[in-house]
Amino acid sequence: MQSLTMNQTALSQPSHWHQTNQPNTNSFTTKNPIQFLRFRNTNHQNLQLRFAVNPSSQVPPVVVVGSANADIYVEIDRLPKEGETISAKSGQTLAGGKGANQASCGAKLSHPTYFVGQVGNDAHGNLLANALRDGGVRLDYLTVVPSAPTGHAVVMLQSSGQNSIVIVGGTNMSCWPQTLPPQHLEVVSSAGIVLLQREIPDFVNVQVAKAARNAGVPVIFDAGGFDAPIPQELLDFVDIFSPNESELARLTGLPTESFEDITQAAVKCHKLGVKQVLVKLGSKGSALFIEGEEPIQQPAIFAKTVIDTTGAGDTFTAAFAVALVEGKSKKECLRFAAAAASLCVQVKGAIPSMPDRKSVLELLNHH
């Protein structure tokens with residue numbers, strides 16, 4: 001069996017948050033199925049962006065299945081050397097995690113968004129639930145697990161705006177039921193699009209991706225997260241695979257120094273059955289590689305000041321998904337996502353930095 005391997009490393013409906021006494025059970029209410037939208041073919045020439053400021057309440061939701069972390073920030077001038085102790089200029093704890101980030105971004109972009117995930121019965125869990133709820137994310141499928149701590153991450157933020165992160169999995173990686181509850185799979189099946197990442201167990205992602213495929217719902221799989229081979233069983237059910245530049249290099253074992261290199265790495269992903277590869281290239285923009293078609297490139301929309309790059313990739317992925325489920329062309333989706341990511345890096349934190357829809361549209365109108 002083939003696999004990609006790493007070598008290292010205000011919404012109309014209220015949100016509801018349910019606590020369970022057992023980690024493998026829940027009593028969530030089943031949602032009514034919602035008609036999903038299929039991708040549409042669009043000519044990428046002479047495009048004009050036409051995004052509604054207030055999208056229809058009848059659009060199918062974004063469903064994010066993934067991680068929720070408390071991000072413990074420390075601001076430092078540089079990374080410590082081995083055996084060295086340095087002083088941080090400041091420290092604080094903010095809500096984050098790739099899944100929670102993407103869900104928050106979808107909701108802040110005024111698209112109905114559900115988050116399926118787990119937190120512990122602790123202060124970090126309360127922090128995350130409150131942040132998600134306050135951001136408009138629908139928490140009908142958030143499970144509180146009493147037997148494990150909430151996942152958290154230590155984010156070492158350097159003065160340059162770059163960051164290094166150490167993750168503690170907690171409830172993101174433990175206490176998931178071996179078979180997901182029917183309610184979770186039903187909300188996936190009624191979604192307009194599903195977002196997955198690599199900060200929860202593979203077997204959870206596989207079940208979700210399979211349920212989405214069976215219902216005709218597209219899946220975007222973000223490559224960010226823990227360092228391990230990606231099962232072919234998961235790749236078989238992914239519609240769009242989305243690594244950043246360094247992840248693509250590690251996953252394929254190929255260089256990504258030039259656009260030609262990146263293209264060859266994307267072709268390797270195609271050979272493993274992934275028809276679309278969405279590559280995030282930081283300051284160099286982004287590119288979508290669709291098997292059998294010419295790549296679609298999008299330059300970065302540069303920020304006036306880069307404060308913190310944490311969450312920029314998640315913002316990009318979620319914004320792309322929102323535009324896609326709203327029926328925009330792939331080129332329009334890339335541009336919308338680039339604008340959202342540009343705004344994200346101008347604010348400290350992950351969830352706190354997610355831009356609202358009005359801000360993204362204003363940036364696009366002036367760029």
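What percentage of the 367 residues in the protein is made up of buried residues? Buried residues account for 53% of the 367 residues, where buried means under 20% relative accessible area, exposed over 50% and partly exposed in between, with a 1.4 Å probe and protein chains only. The structure is a predicted model, in which local features need pLDDT of at least 70 and side-chain atom pairs count only at pLDDT 80 or more, while totals for chains, interfaces and linings use all residues. Residues are numbered from 1 along each chain as its sequence is written, and side-chain values use heavy atoms, with hydrogens and water left out.

The protein contains 10 helices and 14 strands; these are DSSP runs numbered from the N terminus, helices being H or I with at least four residues and strands E with at least two.

Two pairs of helices illustrate the packing. Two packed helices are described by the angle between their axes and the distance between the axes. Axes are lines fitted to C-alpha atoms, for helices over the stretch in contact, and angles run from 0 to 180 degrees between N-to-C directions. Helix 3 (residues 182–189) packs against helix 4 (residues 202–214) at an angle of about 45°, and their axes are 8 Å apart. Helix 3 is therefore oblique to helix 4; angles under 35 degrees count as roughly parallel, over 145 as roughly antiparallel, 65 to 115 as roughly perpendicular and the rest as oblique. On helix 3 the contact (heavy atoms within 4.5 Å) is made by L185, V188 and S189, and on helix 4 by Q207, V208, A211 and A212. These residues comprise 5 nonpolar, 2 polar and no charged. In this classification Ala, Val, Leu, Ile, Met, Phe, Trp, Tyr, Cys and Pro count as nonpolar, Asp, Glu, Lys and Arg as charged, and the others, Gly among them, as polar.

For helix 9 (residues 330–344) and helix 10 (residues 357–365), the packing angle is about 110° and the axes lie 9 Å apart. The two helices are therefore roughly perpendicular to each other. Helix 9 contributes R335, F336, A339, A340, S342 and L343 to the contact, and helix 10 contributes S359, V360, L361, L363 and L364. By class, this contact has 8 nonpolar, 2 polar and 1 charged residues.

Helix 6 (residues 245–252) is mostly covered, with 6 of its 8 residues buried, namely E245, E247, L248, A249, L251 and T252. Their cover includes strand 10 (219–225), strand 11 (240–242), helix 7 (259–271) and strand 12 (276–280). Just after helix 6, G253 adopts a positive phi of about 75°.

Two individual residues were also examined. F237 is located in the loop between helix 5 (232–235) and strand 11, and counts as buried because its relative accessibility is 18%. Residues up to four places away in sequence aside, F237 touches A209, K210, R213 and V219. F237 and R213 are 24 residues apart in sequence, yet their C-alpha atoms are 6.1 Å apart in space.

L132 belongs to helix 2 (residues 123–134) and is buried, with a relative accessible area of 1%. Not counting residues up to four places away in sequence, L132 touches A100, S104, F115, V137, L139 and I351. The C-alpha atoms of L132 and S104 are separated by 6.2 Å, with the two residues 28 residues apart along the chain.
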